[in-house]
Amino acid sequence: MIASVRGRVLAVRLDSAVVEVGGVGMFVLAAPATLAGLRVGEEALLHTTLVVREDSLTLFGFADADEKEVFEIVQTASGVGPRMALAMLAVHRPDGIRAAVAADDHAALVRVPGIGKKTAQRICLELGDRLGPPAGAAAPAAPADGGDPRKDQVVEALVGLGYPLRQAGDAVDAVLADQPDGTAAEADVPGALRAALRHLSGRG
């Protein structure tokens, strides 16, 4: 297993890069966000996963350990291979994928090339809580101003799914205004996220 590569970047392409390690050019497939941080001629460190097939050895690279972890976990869902997993990271950041799975947001997953409605449903069903919650969603703390402790977490998750910050904030405000005491059925963060997504899609 090649867990990481460090070396001078020799080339950066649309979907890959070449990193020189010990005089050998390592061809690494990566998502656009990872490739955007690389500069030809500069040293780079990429976390990597080596995918072994009968006829190929393919190295996938990631900017950080979180991207790598999500890449590996989503492949435990039926029908999701390394190429589709990388495509998911090309469309969504890791927390965006977590939020989509937690909220059963099939529409967000269908935005990924190669994922249809049935595949999106299967991913949400099979992954369940394996990915964990979006950053900060597991242990909300009451804000100093006395506002709803879920707001920042749900807004962050929506931004991770690609919604503009202001639109996400307005949607969350609208949803939480209907449950001011936090005792409604959707008082938890995943529930508030689902309600916000319904609001944004016009179904709330």
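**Entry 1: strands.** I began with strand β1 (residues 4-12), which pairs with β4 in the antiparallel sense over five bridges. I took two strands as paired if DSSP finds at least two bridges between them. Helices (H or I, at least four residues) and strands (E, at least two) are DSSP runs, numbered from the N terminus. In this pairing, G7 stands opposite A44 of β4.

The model is a predicted one, in which local features need pLDDT of at least 70 and side-chain atom pairs count only at pLDDT 80 or more, while totals for chains, interfaces and linings use all residues. Residues are numbered from 1 along each chain as its sequence is written, and side-chain values use heavy atoms, with hydrogens and water left out.

I then looked up the partner of strand β4 (residues 43-53) in strand β5 (residues 56-62); the two are antiparallel, with seven bridges. A hairpin of two residues joins β4 to β5. Across this pair I noted L50 opposite L59 in β5 and T49 opposite F60 in β5.

**Entry 2: barrel.** I traced a closed barrel of five strands in the order β1-β2-β3-β5-β4, and its pairing is mixed. From one strand to the next, the twist averages 55 degrees.

**Entry 3: helices on the sheet.** I found helix α2 (residues 65-74) lying across β4 and β5, at about 15 degrees to β4. Helix α3 (residues 82-91) packs on the sheet and touches β3 (24-30), β4 and β5, its direction making about 15 degrees with that of β5. Contact means heavy atoms within 4.5 Å. Axes are lines fitted to C-alpha atoms, for helices over the stretch in contact, and angles run from 0 to 180 degrees between N-to-C directions.

**Entry 4: α2 and α4.** I checked α2 against helix α4 (residues 94-102): their axes come within 9 Å and cross at roughly 40 degrees. D66, E67, E69, V70 and V74 of α2 meet P94, I97 and R98 of α4. By class, I recorded four nonpolar, no polar and four charged residues in this contact.

**Entry 5: annotation.** The unreviewed UniProt entry places "domain: Helix-hairpin-helix DNA-binding motif class" at residues 72-91 and 107-126; such annotations may be inferred rather than shown by experiment. Residues 72-91 are 65% helix and 0% strand, with end C-alpha atoms 16 Å apart. For residues 107-126 I noted 70% helix, 0% strand and 17 Å between the end C-alpha atoms.

Note on methods. Nonpolar A, V, L, I, M, F, W, Y, C, P; charged D, E, K, R; others polar.
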